[in-house]
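Here's a quick tour of one model, taken a piece at a time. Have the viewer open and follow along.

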Amino acid sequence: KVPKGCGTWAAGWMLGKNMNWPFCGEIDVFETTKQPEKTKIPMSVHTGKFNGMPTSKGNKYGNAIVPTATTAFHTYTVIRNEKTLDFYVDGKYIWTYDPSMYTTQGDGTDDYMIWPFNQDMYLILNCAIGGTLGGDVAPTYWTKIATSGNIETYQDKMYVDYVRYYK
């Protein structure tokens, strides 16, 4: 269950082992954004060629619409094949990243600028606060847990039931 608090930026993502971003590759299995309802779940790929920076050739992503993302558990899946990445939510197909669409020769998997995924990757689960995708932090949708004088303390949580990785 992703957090519902205004300003939260939850993510389950993978980062190439050499960590020279964006050339190492990043696979966002799921993310939330500053969208207040937290129902649009971006699932994206970042590479040397496609990374959202000014020199990039655009982003490669699919958005899943998950109306109960904050209130129910869901499975967010990426299947890393030898030549594609396939993204799913609750077993429902969302989109495919296919490097052959971005090359004039071959299948694109030998071009690290569009396919840096032939390496070990770290799996990261995190919930950031604020930032570009998190947006402005405000107490909206957070749970107040304490008040001391004029200081109020709020919390929100990301719940993870399980993580499964297999070859």
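What follows covers a sheet, a hairpin and a surface patch.

## Ground rules

This is a predicted model, where local features need pLDDT of at least 70, side-chain atom pairs count only at pLDDT 80 or more, and totals for chains, interfaces and linings use all residues. Residues are numbered from 1 along each chain as its sequence is written, and side-chain values use heavy atoms, leaving out hydrogens and water.

## The sheet

Let's begin with the open sheet: three strands, ordered β5-β6-β7, with antiparallel pairing. (Strands are DSSP runs of E, at least two residues, numbered from the N terminus; two of them pair if DSSP finds at least two bridges between them.) At the edges sit β5 and β7 (92-97), each pairing on one side only. On average, neighbouring strands here are turned by 20° against each other, ignoring direction; the axes behind that angle are lines fitted to C-alpha atoms.

## The hairpin

Now zoom in on β5 (residues 76-80) and β6 (residues 85-89), which run antiparallel and are joined by five bridges. A hairpin of four residues takes you from β5 to β6. Arg80 stands opposite Leu85 in β6, while Ile79 has Asp86 of β6 as its bridge partner.

## A nonpolar patch

Elsewhere, Leu123, Leu125, Val160 and Val163 make a nonpolar surface patch of about 330 Å². Leu123 belongs to strand β8 (residues 121-129). Its relative accessibility is 47%, so Leu123 counts as partly exposed (between 20% and 50% relative accessible area, with a 1.4 Å probe and protein chains only). Patch members have over 30% relative accessible area and no salt bridge, with nonpolar side chains joined within 5 Å and like charges within 9 Å. A salt bridge puts a side-chain nitrogen of Lys or Arg within 4 Å of a carboxyl oxygen of Asp or Glu.

Notes
Accessible areas come from the Shrake-Rupley method with a 1.4 Å probe; for residues, only the protein chains shown count as cover. Axes are lines fitted to C-alpha atoms, for helices over the stretch in contact, and angles run from 0 to 180 degrees between N-to-C directions.
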